[in-house]
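Open the model in your viewer and keep the selection tool at hand. The tour moves stop by stop.

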Amino acid sequence: MTRTGATRERQNDDASKGSALGSAAETDEQQRFAHSVAGAIARTWKDDDLRAVGLGDRTVDEEAHWDMLVESGLPAVPIPEEHGGFGGYWIDVVAALEKVGCALLPNPLAASYAATVLLAHSAEHGAGLLARTAAGRIRTTVAADCTASDWTDAGSHAVVIDSPGTLEIGGRTTVTGTLTAVLRPTADIMLVPAGTPDGTVVVVVDAKDCAIDSRTGLDLLRVVGSVRFDAAPAVVLLDASTSALALTEAHAAAVLALSAEQVGACRRSLDRAVEHAIERRQFGKQIGSFQAVAHRLSDVFVETELARAGVRHLATVLDAGGAPTEAARMTHHQTVRALKLASASGIQVLGGIGFTWESTAHHCFRKAGAASSLLGPASAPSPDQLGHRADTGPRFTGPAADLDEFIRRELPLHRAEWRNDDSFAARRAWQQRMHAGGWVAPGWPVTFGGRGLSVREQVECERVLAAAGTPMLAGVLGVNNVGPTLMALGTAAQQEHLTRILSSEEVWCQGFSEPDSGSDLASLRCRARRVGDEFVIAGQKIWTTDGMDATHIELMVRTDPDSTRHAGISVLLVPLDTPGIIRRPIVQMDGTTGFAEMFFDDVRVPVTALVGGEGEGWSVSRTTLSYERTGVVVLAARLQQAVRDVVDEIDHATLPTQTREALAETYTRAVLLDRYGARLLSAMEDGKTPGAEQSVVKLAWSQVTQALGEARLAAHGAAAIEPDVATASAYLRSRSATIAGGTTEIMKSIIAQRVLGLPR
């Protein structure tokens, strides 16, 4: 596992559970390394060993498997090659750490990685210790408060330099003080943050010169200890000018290791609960077919995937040398949240068996409880800790930079004419302006009027639009859904619509839902009879987005009256000025009329309106909906900016605690959803067909959108009685997020059946 080998090639579909995102590893090499570590663990650590921990006087020994971990190479991955390591990236260890966590293997890797970071920051005096650490000849730890979220504050350190004076790197001194909770108290060498009048320094202390008391607590698999220094001899490793950055990164590395392990523990809880839900029968059925069980486990999967996304995000930040504090706090918060849900749900699904010592499920539950206070409180970064970024804004490159330049020039001109008008006419005017610049559909092929951008480039362009707060397009369904369908399946004549879709000359809607067919599209009844060279349409559609403003509709109809469910469905392209069509607005709860119901009274369209073959409409609709949910993935990139905008516009000082916490939670989930979406888009970029994993994005996106609407209103305090129009509209419209495009319940069922493999 070297830096050269850690190129960002993407992984193949993970065989487990049919999920393309089921593994934290991205490259084949990372997967092989993770499986190698898992194999080594399986040979030395069994479930019977796990069950024995805590029984009688049997206590855990974190060092018992250290030689095996050293032989696997796991501790040496992030150590530079010139110091005996593999010179890998932090991203290279996360998949292997998940395997460690899934096995619930007691280990001191978090402490070792934190020490590795400190030693790497002192190239001259840490080199020898790094080489010996990589080779497994010494065991190192950071002797700092393992319940603290910050190791840099000199005033909070319980250990101090006895005679500060002038401290030089490599110089000798002594330290005094007591630490009550330290990770890996069994280490040979302790790297101790110590307070001085000039700030924090880091010193090296031999464990033989300390008084150490090791113990376990709620988590029987995690050893902590108290360490007393009484004028202990020490050598200065880092002075006050260099220690802050090193300690911040060391703390983040420890968070990374523990969080990756916790993701593995989540997966262990989930996998065993799923296995039991498939095997266990009650009332003559597999309990996994009960919606309550299926949806509970779907929630666990979503939270685990967001936690995994957080771990990968933190690893990427550390690899890039960025400031890791915010990413570390988000990751810590989400992994603890996920493990609490996963461990509790695992026990619940297992029932009485889960409450026994025999099942080992209690270890995950114990770990979740203890992790809440390990390396600081597991709370999301509060709004004031996020910092104000509105003045700086993101920096773009490539096509996104070109779009940014276009937006900076054109958006003020649009605002001068339309101000903040969000009407259909205003959005159509904006689309026409975007079309003139060639930016309506940058992801479309050049031959169809686009720019041929990659999926990743499209997402970056979405970030440009989100940062600028541009209006939505008037014909967004035509651009995002209908257009790609016609490019994939339409005839040459049908593809002539594409130019008019881009210009907004044609605005398309989709006629899918019916009064008795919402998410269950296969039950539709709107019929189309073949009469010569025409189809005659009779029936009703409802909840048609943009139905009152659209000029055309992509209409799902049943062309075979004797068929049921998916068979016999066809898709027709219908101009909405065709005789026999009646449109009626549906007034929404915010007073707007964004939906319509439509009635088709023997509406005649030519056979050439058929997309694909007759009776192939289900396949056509799947193509359309796959692009729709791809659009939802792209919307995830906008969601983070939307939350950021709300955070920036409020007065943090006046926020009630509950509202502050809600905003912090909402922002954290928006960021993690964006990172998860980036993983999904990477898979799509590699040619993988959009699958059921997109339901994770839709589900989490809808939850965050609703939470944002509520938090934005709550931030107004007493003024929420009479909020401004934008706040009231955002609050009211947010309720549709868990309905439109597939209800929350349907999304959870898709995850349960298609990702987790639970029975119907």
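Helices and strands here are DSSP runs, numbered from the N terminus; a helix has at least four residues and a strand at least two. The model is predicted.

**Stop 1: a loop residue**

Select A240. It lies in the loop that links strand 7 (223-238) to helix 7 (243-279). Is A240 buried, exposed or partly exposed? A240 is partly exposed, because its relative accessible area is 31%, and that class lies between the 20% and 50% cut-offs.

Now show what touches A240. Beyond its neighbours within four places in sequence, A240 is in contact with D198, G199, T200 and V201. Next, draw a distance from A240 to A728. These two residues are 488 apart along the chain, and 51 Å separates their C-alpha atoms.

**Stop 2: a cavity**

Searching the whole structure gives three cavities of 30 Å³ or more. Go to the second largest cavity, with a volume of about 40 Å³.

Which residues line the second largest cavity? Select A110, A111, A114, T141, V142, A144, C146, W151, L183 and A254. Colour them by type: nine are nonpolar, one is polar and none is charged.

Now colour by element. Helix 5 (109-120) and strand 1 (140-142) each contribute at least two residues to this lining. Helix 5 gives the most, with three residues.

**Stop 3**

Select helix 9, residues 325-350. How far apart are the end C-alpha atoms of helix 9? They are 37 Å apart. At 1.5 Å a residue, its 26 residues should span 38 Å, so the two values agree.

Step on to G351, which follows helix 9. The phi of G351 is positive, near 75 degrees.

**Stop 3: the cysteines**

How many disulfides does the model hold? The count is zero. A pair would need its sulfur atoms within 2.5 Å.

C509 is in no disulfide either; the nearest cysteine sulfur belongs to C526, 13 Å away.

Finish by checking the accessibility of C364 and C509. C364 has a relative accessible area of 1%, so C364 is buried. C509 also counts as buried, because its relative accessibility is 0%. The cut-off for buried is under 20%.

Note on methods
Residues are numbered from 1 along each chain as its sequence is written. This is a predicted model: local features need pLDDT of at least 70, side-chain atom pairs count only at pLDDT 80 or more; totals for chains, interfaces and linings use all residues. Side-chain values use heavy atoms; hydrogens and water are left out. The expected span of a helix is 1.5 Å times one less than its number of residues. On a 1 Å grid over the protein atoms alone, a cavity is a set of points where a 1.4 Å probe fits but cannot get out, and a pocket is an open set with protein on both sides within 12 Å along at least five of seven lines; lining residues have an atom within 4 Å of a point. Grid points are joined across faces, edges and corners, and a volume is the space filled by probe spheres set on the points. Ala, Val, Leu, Ile, Met, Phe, Trp, Tyr, Cys and Pro count as nonpolar, Asp, Glu, Lys and Arg as charged, and the others, Gly among them, as polar. Buried means under 20% relative accessible area, exposed over 50%, partly exposed in between (1.4 Å probe, protein chains only). Contact means heavy atoms within 4.5 Å.
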